[in-house]
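How do you read the places where parts of a protein meet?

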Amino acid sequence: MNTLIFTIITLFVIGVVSALILYFVAQKFKVEEDPRIDDVEKMLPGANCGGCGFPGCRGLATALVENEDISSLYCSVGGDPCMGAIAAYLGKAAPKKEPMVATIRCGGTCDKRPRTNTYLGATSCAIASSLYVGETACAYGCLGYGDCVEACAFDAIRINPETGLAEVDADKCTACGACVKACPKGIIELRKRWPKNRAIYVSCVSKDKGAVTMKACKAGCIGCSKCLKVCEFGAITVENGLAYIDHTKCRLCRKCVGECPTGAIKMIGLAPLVKKEEPKAEAAKVENKEA
Amino acid sequence: MKTFPIGGVHPSDNKQWSKGSAIEVMELPDVVSIPLAQHIGAPATAVVAKGDKVVTGQLIAEAAGFMSANIHAPISGTVTAVDMQPNGQGLRQMMITIKREGDEWAESIDRSTELVTECNLSSKEIIERIKAAGIVGMGGATFPTHVKLSIPEGKKAELLIINGVECEPYLTSDYRTMLERGQMLIVGTRILMRAIGVERAVIGVEANKPDAVKHLRSIVGDDKSIGVMMLKTQYPQGGEKQLIAAVMNREVPAPPALPIDVGAVVCNASTAVAVYEAVQKNKPLIERVVTVTGKSVKEPKNLLTRFGTPVSALVEKCGGLPEGDVRVLNGGPMMGRALCNVAMPVMKGCSGITIISGKEALRGEESACIKCAKCVEACPMGLEPYLLSKQARKRAWDAMESNDITSCIECGCCQFTCPANIPLLDYVRLGKQTVMGIIRARNAKK
Amino acid sequence: MANRFLVAPAPHVHGHLSTQRLMGDVIIALLPALIVSVRVFGWNVLAITAVSVASCVLLEFLVQKFLVKGPLTVNNLSAVLTGLLLAFNLPANIPLWIVVIGAVVAICVAKMPFGGLGKNLFNPALAARVFLLIAYPVQMTSFPTPTIEGFADAYSGATPLGAAKAGLVAFGEVDTVGMFTGAMGGSFGEISTLALLLGFAYLLMRRVITWHIPVSILGTMAAFAAIYAVATQGFGSVAWQMPLFHLLAGGAILGAVYMATDYVTSPMTRKGMLIYGVGIGAITMLIRLWGAYPEGMSFAILIMNSVVPLINKYVKPKRFGAR
């Protein structure tokens, strides 16, 4: 019995002494910090994705609390509701941004872009692209080794084994921009997110001349400028043999889509625009795009 | 026998297939494409345009700045295009295309075969001629030779080392050059010694080429200023830093230190021959010996080839590509670059075309790292490849920099030796490129 | 075109070294010791070895197939080697069900939860042995009498180390020749120093391991024992008898050559290997001379295993060009 009591007392004393030491050490080395940082951090999504440019959510929280003007700070994962709540809490003007979504600008599927060689190196787009052109003759297209997939903290990108291309799950995408940085070919762009994930964009970034592009890939933009002529909003530019649709100007009128001879202009979530004069040819082309 | 102090591997040298064939002159190509970037540094600037007539040896592209090199027409004919063409890696780069008409040479070039040993030019004049001839390191690194020979203020060269090691398996172009063009090599060596103002030169040759050592020693004779040193056969003996360590027992410190910081200047054996031709014969660099070899190559050869000749023509001459899986390499199997386009023109740094076929061309399946430390043992730079590759996968660039990634010479010993078939160098190289980029950006800011 | 162009970054050739070959070489190196054990203790040794190896391989297969769902790696022989080493650390009369429990601990506790081959912190075979030693002390320390002719009966049922610890034997009387060839009590893999050294020579020749770890362990042990002997008994013949005894007795050679050199749980650099070896040697001798157990090799290796990540972090190879 004595042993038991002695043990209990000893352990108790050790516990108290340790607690006291911990308490005083914690007091001595206490770091004075604005308590609002903790609150703001809790209001952020906590994905620590780094999309805001800070290493983690706490970095952004600190910056939000410390900076007077927070218009340049934004968490795309939380979006406007989250930023609005934080701004209200801090009594600052809320930064606003249009919701965005990552867009893969390459349509060079396996059947459109023939493989000319086989890559055996490490499965990494960065390594393959620093070595050579890739498994196809197109030096600009998606390599399909999934650096973007690895970079995505939200499981929103995958490589489709059938097409060999990256695909974004728009519902999961938070537009953090990690994939944009990870892609060595600069294929991924953050574009305006329309309701129901509708989109129209040029799914090609090849700056090669038309003939060269055509030889490498049947789905590439050849810079023919046909789309440029039909756009009523001045949203399309053609530079270095490559068309680009400015997503801030585009109104999803769909006129350009039917003009594209290679189907490089991709349309998502929209019914094809039916032209009255030549409906058949149009339908065939749209089909081509959807494939 | 001397060798470098740490690391190294012993790949089977496989030189037997091509070492016995004497240098053959490759037929003149009908059309050549000459890339403007054949060297480290700024690409040369074209000085000819479409439609211009050129003669062999005529300047067609001029060095763009100090760290660049001239390029000369390897054949005579008409320039048909100056445009972007796919290179061996399928990437487009600026090339001058010339269609051949006859074989007309620039008049200033002395085409006689007579050996000219006498050279009384000053150091400056020699370097000027080398620069004019567009000579770059022909071992594969393609560093402009005139830059290497221009000793920076405050530094002093003590020893010239001629790199006749050819540690890269399969290749025999330097070996054949030493055997068949030894006289020129020795004269070239003397010229190089004069250019950098040293009293002594050492020609380093690996022990697997005893006949080359014997031959060079017989040419050197009683001349005490040139030594021919036989080195232990071990890869990567021909790495600049490894060779200096083997010959001089001095280690070049980590970058940005250069060989000249320990008093050494290293030149490749074929480069020394090119220097002889440039200085004594006024002949610019328009051709080189290219080994075409491989287990499945029908007739492996050493071909004296004009630049711009497509690799496919060389391969055809040696019996064509084998069926099935092939890896066609510009260079040897340890450091060469795989081609996806055999229309690639032969360039200044192309010492050989190695063809690996069948099962050998595939990579083994990767398995888990068992921490056997073979890569650490094999690394000739004393790095930890297993750690660096892990950090590169995690994109921990700062950690890689503090683990001295910039010292990596990309020799491939780590990946060669890895029992788990891990693509160590793939990742280490990615890390090195990224870290170098970060360092450059940081320096640019300062 | 009938060609398929393959493209990969350099190097384009491989040295044909494989995990399988390395593991296979260690297994080959262990065979002489196994043969001696069979000769000394009888066929029972083979039964234990077979059960141990089979359980390890089967368990690794089952874990990978149903729990981890990773690629199957049983064919790389690492589980075979673990089973073999575990068996070597057991007495020749151990019940077979204990062997199976040892295999479960080795594979399902010490190896696979960490992520399988290459990621485990502790040597699986040793972790299992230590577990068994604590859980089944009676079965693990009652060694059978070797059935070889001419064996000194004095050690029946006890190891030389146990006898020495109990003060039953003076160093001058120890049959060092018997200990060298395999005529001593103990776990069946550790008895024949000669056979184990033969395997060591093979491993060195095949460049599977380097000398750094074994030599630093054994060197430290010998030095430690010599200093202790001189300090306690003054100069005399004991100054060489005691180091020799400690090198030959117990699992010194087996531990130093085969257990401590396990790739996964040993340091990556030569300098690190030396530090690790000295640590093992010193801790072994501390336990042998002052600890509660007669033998300390297994504990010493496991303790130093836990320091390996630290060694790898701070002990770097000499960089080329560094002064």
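The dialogue below goes through the interfaces one at a time.

Q: What should I know about this model before I start?
A: This is a predicted model: local features need pLDDT of at least 70, side-chain atom pairs count only at pLDDT 80 or more, and totals for chains, interfaces and linings use all residues. Residues are numbered from 1 along each chain as its sequence is written, chains are lettered from A and ligands numbered from 1 in the order in which they are written, and side-chain values use heavy atoms, with hydrogens and water left out.

Q: How many residues of chain C and chain B are in contact?
A: Contact means heavy atoms within 4.5 Å. By that rule, 39 residues of chain C touch 62 residues of chain B.

Q: What area do chain C and chain B bury between them?
A: The size of an interface is often given as the accessible area lost when the parts come together. Buried area is that loss (1.4 Å probe), summed over both parts. Chain C and chain B bury about 4200 Å². Carbon and sulfur atoms carry 56% of it. In chain C, the residues that lose the most area to chain B are H12(C), M268(C) and F320(C), together 22% of what that side buries.

Q: How many salt bridges cross from chain C to chain B?
A: A salt bridge needs a side-chain nitrogen of Lys or Arg within 4 Å of a carboxyl oxygen of Asp or Glu. The rule finds six across this interface. One pair is R270(C) with E377(B), whose closest N and O atoms are 2.7 Å apart.

Q: Which element supplies the largest share of the side of chain C that touches chain B?
A: Helices (H or I, at least four residues) and strands (E, at least two) are DSSP runs, numbered from the N terminus. Strand 1 of chain C gives the largest share, five residues. By class, that side of chain C has 21 nonpolar, 11 polar and seven charged residues. Here Ala, Val, Leu, Ile, Met, Phe, Trp, Tyr, Cys and Pro count as nonpolar, Asp, Glu, Lys and Arg as charged, and the others, Gly among them, as polar.

Q: Which strand of chain B is joined to strand 1 of chain C?
A: Two strands pair if DSSP finds at least two bridges between them. Strand 15 (residues 324-330) of chain B has three bridges to strand 1 of chain C, and the two run parallel. In one of them, G324(B) has N3(C) as its bridge partner.

Q: What does chain C share with chain A?
A: About 610 Å² is buried between them, 73% of it from carbon and sulfur atoms. Six residues of chain C contact nine residues of chain A. On the chain C side, F5(C), V7(C) and P9(C) lose the most area, together 68% of what that side buries. The salt bridge count is zero. Three residue pairs are in polar contact, both at pLDDT 80 or more. Strand 2 (residues 118-119) of chain A runs parallel to strand 1 of chain C, joined by two bridges. There T118(A) is partnered with L6(C).

Note on methods: Buried area is the accessible area (1.4 Å probe) that two parts lose on being put together, summed over both. A polar contact is a pair of N or O atoms within 3.5 Å; within protein, one must be able to donate a hydrogen and the other to accept it, and residues adjacent in sequence count only if both atoms are side-chain atoms.
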